[in-house]
Amino acid sequence: MHSVSLPREHSKNGFDAVARPFFQVEGLPFSDVLSAEWIERVFREEDALFGQDDLFSTQIVLWAFLAQTLRDGKGAACAAAVADIATYQLQTGQHAPSGDTGDYCRARAKLNPAALRRLVGESARQLERDADESWLWKGLHAKLVDGFTFTMPDTPENQKAFPQLHTQTPGVGFPIARACTIVSLATACVCDVAIGPYQGKQTGENALLRGMLDTFDEGDVVVFDRYYCSYMMLATLSLRGVDACVRLHQRRPIDFRCGHRLDRDDHLITWTRPKQPAWMSDEDYQKIPDTLTLRELRFDVVVPGRRTETITVVTTLTDAEAFTKEDIAELYGVRWNVELDIRAIKQTLGLDHVRCKSPQMVRRELWVTLLAYNLIRKVIVTSAAIHGKQPRCLGFTLTCQTVLASWMLVSTGACADLHAMHHAMLSYIAANEVANRPGRIEPRVLKRRRHRYPLMKRPRDELKAELGKT
């Protein structure tokens, strides 16, 4: 009986296994985004390559970690990752590891967070650079900003770095982190993320966003909610040549009888520089202009079956001829997309509660998850470019499932016709349009109750000791 070997492409670069499942095929749009050569260069420049001649090398560990973040349930466990590595090694004629997860977990801890963060940011910039003109807002690159939280295992290390809420009893809550993210409107890619403790001085979303301002390019327009609506934020962005569109903060007075009238509920106003905040240096404060000329406008949001909401927006886009009132209303309306993107990251990729037990590994899990997210977005924009669709109209979850369905086959180079399979998969993804759901109104209730166990209100050790006495 003769053994049959599967056809495999010759691997010039160990990172081919990482890049190939995300449609790294010549002739496809965006095929040069995060290529194997690009990934290797970033890790080499960060002096972050390890174990090149070992079983758990940088390449194979990153590949398995990405698979973990794309899966859920039992497939996200480290044991499943080691099983993936064993299958990959056997398929490529190499030695397979044992079922012990210890070596793999120690190798994961060697992944360089700086290199991972660079890959996330550079993948977003590459896709943004080559984005189709029809994906932009009036020819401008719009960036959406919003915050979210996530929890992690209750370990002493995590509690020290990301303390649980002070209102919770020790031993009952989970460590919690606050994150602020910048997302591209055109491609839905994550451009950057900053995280910190949920509570404490300079841990708010504004403080986190100030640490990421270099992510914005001159000519960008930033859209965020009223939490970020401050004189200092708008002035700092203007100094960088970045426009902003933000909902007016609830404490700001509204009076459309003042200022220079442009149209009904649309006028130019002047804000005056406030006192120097404690977090700002004297040098930076002197750069802030004494006044800002902003455009303030008001419009109604009408949704069938819901109460009409009146929204007041301020923006640095003051040219009423180039940007009409309807244009600004549309621009602020797209802010909701970042909520959907965060939902995909937290629910589909499981970032609402990470699995790692130390702050260092929490950060690695965060960046690998965001890298996986951007790579899935790369697949979506590739499908959109080929089939003339809008990237945000194509389903994220189905794309994850499609990539995972061929994960091992493509990674090992065992596919007989990679081009044909990828084009078939891209057609399948393009056929799944999800964003256009007019009139969809669903109650926020559950039919199936998850369980009937009561909530933990005392530390587990106390409850176990109590049970031991009975």
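**Entry 1: A188.** I looked up the burial of A188 and found A188 buried, with a relative accessible area of 1%; buried means under 20% relative accessible area, exposed over 50%, and partly exposed in between, with a 1.4 Å probe and protein chains only. The model is predicted, so local features need pLDDT of at least 70 and side-chain atom pairs count only at pLDDT 80 or more, while totals for chains, interfaces and linings use all residues. Residues are numbered from 1 along each chain as its sequence is written, and side-chain values use heavy atoms, with hydrogens and water left out. I noted that A188 is not a glycine, yet has a positive phi of about 70°. I placed A188 in the loop between β2 (176-184) and β3 (190-197); helices (H or I, at least four residues) and strands (E, at least two) are DSSP runs, numbered from the N terminus.

**Entry 2: F23.** I found a positive phi of about 65° at F23, which is not a glycine either. F23 sits in the loop between α1 (16-19) and α2 (36-45). I recorded F23 as buried, at a relative accessible area of 1%.

**Entry 3: T412.** I located T412 in the loop between α15 (407-411) and α16 (418-430). T412 is buried, with a relative accessible area of 4%.

**Entry 4: cysteines.** I searched the whole structure for disulfides (pairs of cysteine sulfur atoms within 2.5 Å) and found zero. For C180, the nearest cysteine sulfur is that of C191, 12 Å away. C180 is buried at 0% relative accessibility. For C356, the nearest cysteine sulfur is that of C78, 7.1 Å away. C356 is also buried, at 4% relative accessibility.
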